[in-house]
Amino acid sequence: MTTTRTPATTPRRRTLAPFAFLAPFLIPFVLFTLVPVGYAFWQSLHRTERTGGTFGRTETVFAGFEQYADVVSEPFFVDSLVRVALFGLVQIPVMLALALALALLLDSAVARLKRFFRLVYFVPYGIPGVVAALMWAFLYDPQLSPVVGLLRSAHLDVDLLGPGAVLFSIGNVVTWTYTGYNMLIMYAALQAVPADLSEAARVDGAGAWTIALRIKVPVIRPALVLTGVFSLIGTFQLFTEPQVFRAISTSVTSTYTPNLAAYSLASSDRYSEAAALSVLLAVATFALSFLFLRFTARRQG
Amino acid sequence: MTLLTRTEGAHAPVPGRPRRGPGLSAVPAFVFMALVAGYMLLPVYWLLVSATKSQGDLVSTPGLLLADWHLGENLSALFAQQDGVYARWLLNSLAYAGAGAAIGTLLAAMAGYALAVYRFKGREAVFSVILGGVLVPATALALPLFLLFAEVDATNTFWSVFLPSVVSPFSVYLARIFAAASIPEEVIEAARIDGAGEWTIFRTIALRMMSPALVTVFLFQFVVIWNNFLLPLIMLQDERLYPVTLGLFTWQSQTSRVPELQTLTLVGALVSVVPIVLTFLLLQRYWRAGLAAGAVKS
Amino acid sequence: MAVRNRGSVARRGSAGGVVLILAALSACGGGQDEDDRTASAACEPASGKVTLDYWSWVPGMQKAVDLWNSQNPDVQVKLKSTPAGNVGTYQNLSNALKAAKAPDLSQIEYDSLASFRLKGGLKDIAQCAGIPDAAPKFADWTWSQVDFGAGGKDGVWAVPQDTGPMALYYRKDVFDKLGLAAPTTWEEYEAAARKIQAAKKGQYITHFSQTDPNWFTGLLWQNKAPMFEREGDRWKVTVDRPESRKVADYWQKLIDDKLVATDLQGFSPALYKAWNDGEVVTWISAAWGYSTIRDNAKSTSGKWAVAPMPQWEKGGQQAGNWGGSTTAVLTGSKYPAEAAKFALWLNTDAKALEILNREGGLYPAARTGADLPALKQPVDFYGKQKIFDVFAEASQNVDTDFTWGPTMTDTYRFLSDGTAKATGGGSTLAEVLKATASQSVESLRKQSLDVTD
């Protein structure tokens, strides 16, 4: 097992090694993630009290879970959660199906200009939200958009930024941004599918579709679950897109999604409530990811 | 969470397999892919067209059609604005995202490697806590981070944005999966028998085997840091430390009073996409090289 | 130099690890009180060379600062140009105050003064040289904003910078063609709206944006409907009152009858296009708005004119105000005397005012500002009308009793979220006022402030 030259030191080195490898990551992780999270949690248990009149002193006092009760009782809490849940139910499957289709095509023999397409699909992910906002503001705008103009000339009077459609419009931007990203994860997994598997199936007379769906997809299942979980997390943390839409649509409120609500609360100096909301959001996301994993695991048998 | 670590599919890749198959016809596939490409590029095309327009033409001419060509003037105005602050923003972004992602990927590779290869007490506990980090919204972290940095008098510094950016639990997660999939235990054992130290094994064997995956990790983290905007917004006051996203945002927020900034914001946005595309193209090469290198080992 | 700097921070950063944790623990320990929160401290000049940090988002501010710096070698001002207040700077300023890292001076809009005072962010500069005699130099209503309407008994918390007296921008050519004169009352404005709509499909008298809650507040201001009242230490929310309901009902009627465009956001490219295409033909806006139209609706040059705001009473002379800001000295400043001196200079010196007007498009709060040559000139874009005469008069007609609440960020948010529902047809502006009022009360209570019903 171990070499004869260094019999004494090796086992000890090997018990310490993982910690040595982990430490460079864990130290900044603790400092820049865990400590701030702990701080936010602490803050969520406090509230501001004022003495000496309107412009007097303030004091932070312990309040237990009072802020949590406050947040949960706000009408926006349930509204925004239901909204992102609905959003995820529609948007995630559409996006992942599109990403999978593209990944399979890129991986298959029929595709031409692979490198070009791979780049093009990835580009939206590389465009900062601030910039994407400018672009989509134009494409959605009832006055400026050629797309809306086209629909109108076909007598379809649509208001892509109206209260009925804006959630879909946001979904479109999210799909636009993240399809390429998810596609890359799937594509990377597909690269690792052993060629002999498909080859064997082909010898058995399976068509390209059958090979894709019956052979390749099951093998990259972990990658699919991965993209599913992270899309789920992303959906519950939806922030940039609705935030950006606030500037262009009359239909996105400051509490449109839970994360946006937390941000709005923090902007109004209601830090404790914002912190409480963030903690609740993290817990809810965790629960959902867990359920999702259990569900996919059971289906796998 | 154990399911996520099951990676039976992710073996070392086999390049150059023959891919000629019956069935799926090339033409509909190509049409579909081209349509999706059009969808992905339409907004970018608009940006491209807008960047060539003068301020006046921006609203008064159709958005998808070219008007008078002003790209050259717009570009020189962009780099001349406020003594060339835009170039500085670009360099800052490159420093934050390039160095941040490089270091972050290395740290993630080490951590992922440790979690995949060694069996030690508390391994799953550590991994779960790291995964939990993925669940924390960036919006919830930014403000506490600011207050903590303020305590050590380090806000409004390069490091106040750089250091938190280095930490990416998601990268560790990916690195663990890839390490588990691409580094056969026998290879490590063999190296140990040859008398190689743990660090040497990691550096000379594991890193190389993981390299195609690490390129992906680097790319993802690079883009995340490049696009990050909330943390710099809260941390930085000095304009010369801004990344390009925050700089463009600042300009955009002033457009109602200084309309000329609208053109500059658009041209600036276009230019800021170029490094991302270049990074991708550059990494794509390494990707192929990496894929090939990984194959040699198996 | 930058490199050297980085090195030192790096060392601090690595040693800072433990400190960070300790800091987190200690920060959790208790309140973050400042001793000189309310005390109206004496204002003694410092000796020696002084550097002041100043945050502002006014375009071209650097030129004014440069001028000051060249004249005052001992008091150097370092400007940071920031995003506009509500777009990030207020948030940053709050954070910086929390962390005791705030600059010496900052630009703060009138509607946010109370909230920054509430946070203990402002320094009382009543005792600083020059301030006690400064009141007459500024438009009455602006000074009553910075002394919180107490005539000096409650301190002075900032120096007024610019204002946004409101008037009516309208397409004179369109009005002329339809045989309409500039409406002098809101009744006439509505009649004009109907005529304009009837004349051409898709043509509206104006847009009703929900992203500009402070615009709507300007309309309330005109009808003497302050949103808050302060009686000593108690606040009263008066968002929902007969005067404001009158305004809300009026606009609700215009929305219901589809006389105003509700799908255009303020300051959006879509609005600019509608201006260019003549689809939106008036804008009730502030003095600083003249450049917004000029620069974004270039194809309509020469066709616009400016008239006083339509009135609720025939023959009335009330004007609203939209926007405008102050230069405030912040709590942490070590040099309040110098900071106040700079603030006063910046907003009264003829050369400085001239720069701010030319570069930043500011309409000065100082009375002498009205005499700036640029504000006496006819403006080509507006058919060579001397439009600033209209605003100078409007400035005198702005009600001095308007009071902002200490939680305006919330109130604006409620107002704009509610308006979104109203323009979407799911609610009415009157209901929005009601909801905004009760939510604002709640919001004040959350800050543990005394609220009377």
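**Confidence, contacts and a sheet**

pLDDT is the predictor's confidence in each residue, from 0 to 100. Helices (H or I, at least four residues) and strands (E, at least two) are DSSP runs, numbered from the N terminus. This is a predicted model, in which local features need pLDDT of at least 70, side-chain atom pairs count only at pLDDT 80 or more, and totals for chains, interfaces and linings use all residues. Residues are numbered from 1 along each chain as its sequence is written, and chains are lettered from A and ligands numbered from 1 in the order in which they are written.

Chain B as a whole averages a pLDDT of 83. In chain B, 87% of the residues score at least 70. Two stretches stay under 50. Residues 1-23 of chain B are one of them, with 60 contacts beyond four places in sequence in the model. Residues 289-298 of chain B have 22 such contacts. Two residues are in contact if their C-beta atoms, placed from the backbone, lie within 7 Å. Where pLDDT is low, the predicted coordinates should not be read in detail.

Next, the annotated spans. An unreviewed UniProt entry places "transmembrane region" features in chain B, including residues 213-236 and 261-283. UniProt positions are given in the numbering used here, feature names are shortened, and annotations may be inferred rather than shown by experiment. In the model, residues 213-236 of chain B are 88% helix and 0% strand, with end C-alpha atoms 33 Å apart. Residues 261-283 of chain B are 100% helix and 0% strand, and their end C-alpha atoms also lie 33 Å apart.

Now turn to chains A and C. Here 34 residues of chain A are in contact with 38 residues of chain C. On the chain A side, helix H1 (9-44), strand S1 (46-51), strand S2 (57-62) and helix H12 (258-267) each give two or more residues. H1(A) gives the largest share, six residues.

Chain C also holds an open sheet of three strands, in the order S6-S7-S11, with mixed pairing. Two strands pair if DSSP finds at least two bridges between them. Strand S6 (228-231) and strand S11 (450-452) of chain C stand at the edges, each with a single partner strand, so one side of each has no neighbour in the sheet. Strand S7 (residues 234-237) of chain C runs parallel to S11(C), joined by three bridges. C:Lys236 has C:Thr452 as its bridge partner in S11(C).
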